[in-house]
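Please find my notes on this model below. They run as numbered points, to be read with the structure open.

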Amino acid sequence: MGDQKSEETKDSAKKDSISIIYHQRNDSPKYFEIKRSKIYLFFIGLPAITLIALIIGAIGLVHTSPFHLMENYRQNKEAQKEISNQEMMEEKIQSLLEQNENLQKELTASQEIKSQVQDNNTQTTTPPANPNTGDAKCPAPVACPAPTVSTTINSIGLSTLSLFKPIQGQRDRTRPATLNLSGFKALVGRDTVNLQFNIIPAVTDDSKISGHIIVLMKNELAIQAYPLGALGGSDFQINYSAGETFATQRFRPVDASFVKPRKSGNYSFTVFIFSRSGDLLHFNTVAFALKL
């Protein structure tokens, strides 16, 4: 019984191995037995390991090649240049805002001086009382004509509108109101700040209102414009036609996206809505305290 089991074990071992008879000239034949697993390892395993190593080496060579390094350097250079241009633009915009504020102060002072001069001229031209008639009362002053309401777009302030390119024949059509804005929300995301609001026509005749939407976000350090390309010209002035186009009869939601600033604080958002011909239809300013 034991001999039968040993023979079966030998037969199974022979099946798992390959016999090789090696004969060399002037030498007796030699007999070898090699297991199949070793043959598989030699003819399949080693080439597979070599192929995997070559693939890994090729991938590493691609990522460390001079072309890849040059491409990364070029991308970093472009990013630095864009950041530098953005900072330069912010500095120029801040300088323009300061100049506009100074001009507005000078304009206000000149208007006050002009009104004082007019008052003095009115007092000097008033005739004295006639002593012969005994009438000590001064005649009633001549009524000044009522000031006319300007229809130009400058009625909403020089410090903001100087950022817009002037258009010949541009009018201020904000009175009477044709649009209402509601539902203002400022949402802070990972990389952006979004101002959301709704445009609702104030008229009730179901007529379609269309035009362009431009939103400015600013604080004491910088100013941004939506859409992003609206404030990208060489003269740092906004063309009304660069705004987001819209057309509505009843309701129009707006989601204005800005690059997230680095500093928390109070930010003001000014919404300008122009007609297709460039007339000002509506403007509104809201302020939010943003935690960034």
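1. Largest pocket, lining. Helix α3 gives the largest share of the lining of the largest pocket, 9 residues. This is a predicted model; local features need pLDDT of at least 70, side-chain atom pairs count only at pLDDT 80 or more, and totals for chains, interfaces and linings use all residues. Residues are numbered from 1 along each chain as its sequence is written, and side-chain values use heavy atoms, with hydrogens and water left out.

2. Largest pocket, make-up. The pocket holds about 790 Å³ of space. Its lining has 26 residues, and Gln 86, Glu 90, Ala 222, Gln 224 and Val 259 are the closest to the centre. Two or more lining residues come from each of α3 (66-124), β5 and β6 (223-226). By class, the lining has 14 nonpolar, 5 polar and 7 charged residues. Here Ala, Val, Leu, Ile, Met, Phe, Trp, Tyr, Cys and Pro count as nonpolar, Asp, Glu, Lys and Arg as charged, and the others, Gly among them, as polar. A pocket is an open set of points on a 1 Å grid over the protein atoms alone, where a 1.4 Å probe fits, with protein on both sides within 12 Å along at least five of seven lines; lining residues have an atom within 4 Å of a point. The volume is the space filled by probe spheres set on the points, which are joined across faces, edges and corners.

3. Overall layout. The protein has 4 helices and 10 strands. Their order along the sequence is α-β-β-α-α-α-β-β-β-β-β-β-β-β. Helices (H or I, at least four residues) and strands (E, at least two) are DSSP runs, numbered from the N terminus. Of the 292 residues, 24% are buried; buried means under 20% relative accessible area, exposed over 50%, and partly exposed in between (1.4 Å probe, protein chains only). The accessible surface comes to about 21000 Å², with 57% belonging to carbon and sulfur atoms. Areas come from the Shrake-Rupley method with a 1.4 Å probe; for residues, only the protein chains shown count as cover.

4. Among contacts with a separation of 6 or more, 63% join residues 24 or more positions apart. Contact means heavy atoms within 4.5 Å.

5. Nonpolar cores. The largest core has 22 residues, and Phe 197, Val 215 and Phe 269 touch the most other members. Elements that give two or more residues to this core are β3 (179-188), β4 (192-201), β5 (209-218), β8 (252-259), β9 and β10. A second, separate core of 17 residues includes Phe 164, Ile 223, Ala 225 and Ala 230. A nonpolar core is a set of buried Ala, Val, Leu, Ile, Met, Phe, Trp, Tyr and Cys residues joined through side-chain atoms within 4.5 Å. Beyond four places in sequence, the contacts of Phe 269 include Val 193, Leu 195, Phe 258 and Phe 288.

6. Phe 164. This residue sits in the loop between α4 and β3. Phe 164 counts as buried because its relative accessibility is 7%. Leaving out residues up to four places away, Phe 164 touches Ile 214, Gln 237, Ile 238, Phe 272 and Phe 274. Its C-alpha lies 9.9 Å from that of Ala 230, 66 residues apart along the chain.

7. Cis peptide bonds. The bond from Arg 175 to Pro 176 is cis, with omega near -5°. Pro 176 is in the loop between α4 (158-161) and β3. Tyr 226 and Pro 227 are also joined by a cis bond, with omega about 0°. Pro 227 falls in the loop between β6 and β7 (244-248). Most peptide bonds are trans. Please check both sites.

8. Leu 292 lies after β10. Leu 292 counts as partly exposed, at 29% relative accessibility. Its contacts beyond four places in sequence include Val 188, Val 193, Pro 261 and Tyr 267. Leu 292 and Val 193 are 99 residues apart in sequence but 9.1 Å apart in space, C-alpha to C-alpha.
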